[in-house]
Amino acid sequence: MTITWRRGVLGDLGDIRSGGTPATNQPRYWNGEIPWCTPTDITALSSRHLASTSRTITPLGLNDSSAELLPPGSVVVCTRATVGVAAIAQIPLATNQGFKSIVPAEDFDSDFVYYLVTSLRGEMERWAAGSTFLEISGSNFAKLPVTYPVGKAAQQSLARPLVLVDEVIQRTQSVISRKRALKLALLQELLMGRRRFPEFGAPSGDDRSPPVGWRVAKLGDVTDVRVSGIDKHSRPDEPAVRLCNYMDVWTKAYITDSLPFMRATASSAEIERFALLSGDVLLTKDSETREDIAQTSVVLDAGADVVLGYHTALARPTHADVDGRFLAAQLRHPRFRQHFIRAAQGATRFGLTYDALTSAPVWLPPLAEQQRIADLDRVLHLEIELIERQREAYVSQNRALMHRLLSGPLSRPALATAPELAHA
């Protein structure tokens, strides 16, 4: 197919509509039959299609506000805060004022318009203005320079490969979600003894007590608990270290020497006390909310220069029959996390005392069963991690493909050379 390309502006692609918010103090405007989209509805999507919204308005709310009813196939685009995030409406809906939406003209394809708008996100952010948050005005939005193929058939031929890769990304994300749900459900049963590998005996039928052969202990009975105060500063009179900090523990279930740790310094005494060893259980001892307290990870391997940073604690197993991997996984279980949530102290920021950490209850099966459960947890984690990397590769492929397909033979005019664009 021979494709004819044309230069123009975003407003050439269709009718640009604004959004609005009915008065929030008028109940008769809300909870009606008209879906009403906010940026949260868009950022939560796992696909390019928008089929529902968290809030709805009534026809009266639509008529008495600046909101407009958009037909299916409209491309809704965030132009405030999360500038450039977009979706294709699959249902009639309205939006709040944080959007500029494109109702594609008759000779424009919705999928193509969506991908073209998505490719403009960086340029929209450059031209967004606002003292409180980023925002691009309606006039600037409509005047964004674009290059597009003439005719729906040509547009669909370019959008089709992007649609196919998007579908692969969505299917991959669905697999990841199912794998995570399976892992969570299976491990929660195993970590409480409600389900067991057959060779280890019968499961417990009571959430209040472990199976026969498991022992109940406190974290301080089976580990050496240490609370770190090592900050992220570098001092010329101290040895250099790599700092395993709060966010490393918060985001990583497993700590390995290959992680990009922060560089800092620590005293010789701090290094001796807080250098990480294989099997150490790490906990976030402070948090902004009770519910987020005591996230855990476990050290698989770490160099002698990797030390634990402040706002965290380590629990080092002191008994040969305790596997740190099992312990870290069990402390993530909702039943065992309740101890930390109840024990957290504070008003605007919450923390755990040393006593709260050491008094945490744990249920310990024989070592062989701990190791079997920990091995399964690790295998499932690696499987999900591999699929996540595949998904990231598909996303990168789609980004590169979008650039190749949508740039066309005509270079897109630089915004800096478009004097008709002005900051809002």
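# A walk through the model

Start by selecting Arg55 and Trp30: the charged end of Arg55 sits over the ring of Trp30, 4.3 Å from its centre. Keep in mind as you click around that this is a predicted model.

Now move to Asn31, which you'll find in strand E3 (residues 30–37). Its phi is near 60 degrees, a positive value in a residue other than glycine. Is Asn31 buried or exposed? With a relative accessible area of 70%, Asn31 is exposed.

Select Ala81, in the loop between strand E6 (75–78) and strand E7 (86–89). Ala81 isn't a glycine either, yet its phi is positive, about 65 degrees. Ala81 has a relative accessible area of 45%, so it is partly exposed.

Next up is Thr53, in the loop between strand E4 (49–50) and strand E5 (55–57). Which residues does Thr53 touch, leaving aside its neighbours within four places in sequence? Show Pro35, Trp36, Cys37 and Asp41, and you have them. Thr53 counts as buried, because its relative accessibility is 15% and the cut-off for buried is under 20%.

Time for some rings. The model has six aromatic pairs. Select Phe108 and Tyr148 for one of them: the pair is edge-to-face, with 5.2 Å centre to centre and 65 degrees between the planes. Phe108 lies in the loop between strand E9 (99–104) and helix H3 (110–119), and Tyr148 is in strand E10 (residues 145–149), so this pair ties together parts that are 40 residues apart in sequence. Phe108 is buried, at 6% relative accessible area, and Tyr148 is buried too, at 7%.

For another arrangement, pick Tyr246 and Trp250. Their planes are at 15 degrees and their ring centres 6.2 Å apart, so this pair is stacked. Both residues lie in helix H8 (residues 246–251), four residues apart, which is about one turn of the helix. Here's the general idea: an α-helix has 3.6 residues a turn, so residues three or four places apart point the same way. Tyr246 is buried, with a relative accessible area of 17%, whereas Trp250 counts as partly exposed at 30%.

Now go to helix H11 (residues 334–343) and colour Phe336, Arg337, His339, Phe340 and Ile341, which are buried. What covers them? The cover includes helix H6 (152–192), strand E16 (281–284), H10, helix H12 (354–358) and strand E23 (361–364). While you're there, look at Arg335, which lies over the face of Phe336, at 5.5 Å from the ring centre.

Last stop: show helix H10 (residues 324–332) together with helix H13 (residues 367–407). They pack at an angle of about 70 degrees, and their axes are 8 Å apart. That angle makes H10 roughly perpendicular to H13. To see the contact itself, select Arg325, Phe326, Ala329 and Arg332 on H10, then Gln370, Gln371, Ile373, Ala374, Asp375 and Asp377 on H13.

Definitions and conventions: Residues numbered from 1 in each chain as written. Predicted model: local features only at pLDDT ≥ 70, side-chain atom pairs only at ≥ 80, totals over all residues. Heavy atoms only, no water. Axes fitted to C-alpha atoms, helices over the stretch in contact; angles between N-to-C directions. Helix = DSSP H or I, 4+ residues; strand = E, 2+ residues; numbered from the N terminus. Parallel < 35°, antiparallel > 145°, perpendicular 65-115°, else oblique. Contact = heavy atoms within 4.5 Å. Phe/Tyr/Trp six-rings, centres within 6.5 Å; stacked < 30°, edge-to-face > 60°. Buried < 20%, exposed > 50% of the residue type's maximum accessible area, 1.4 Å probe, protein only. Lys NZ or Arg CZ within 6 Å of the ring centre and 35° of its normal.
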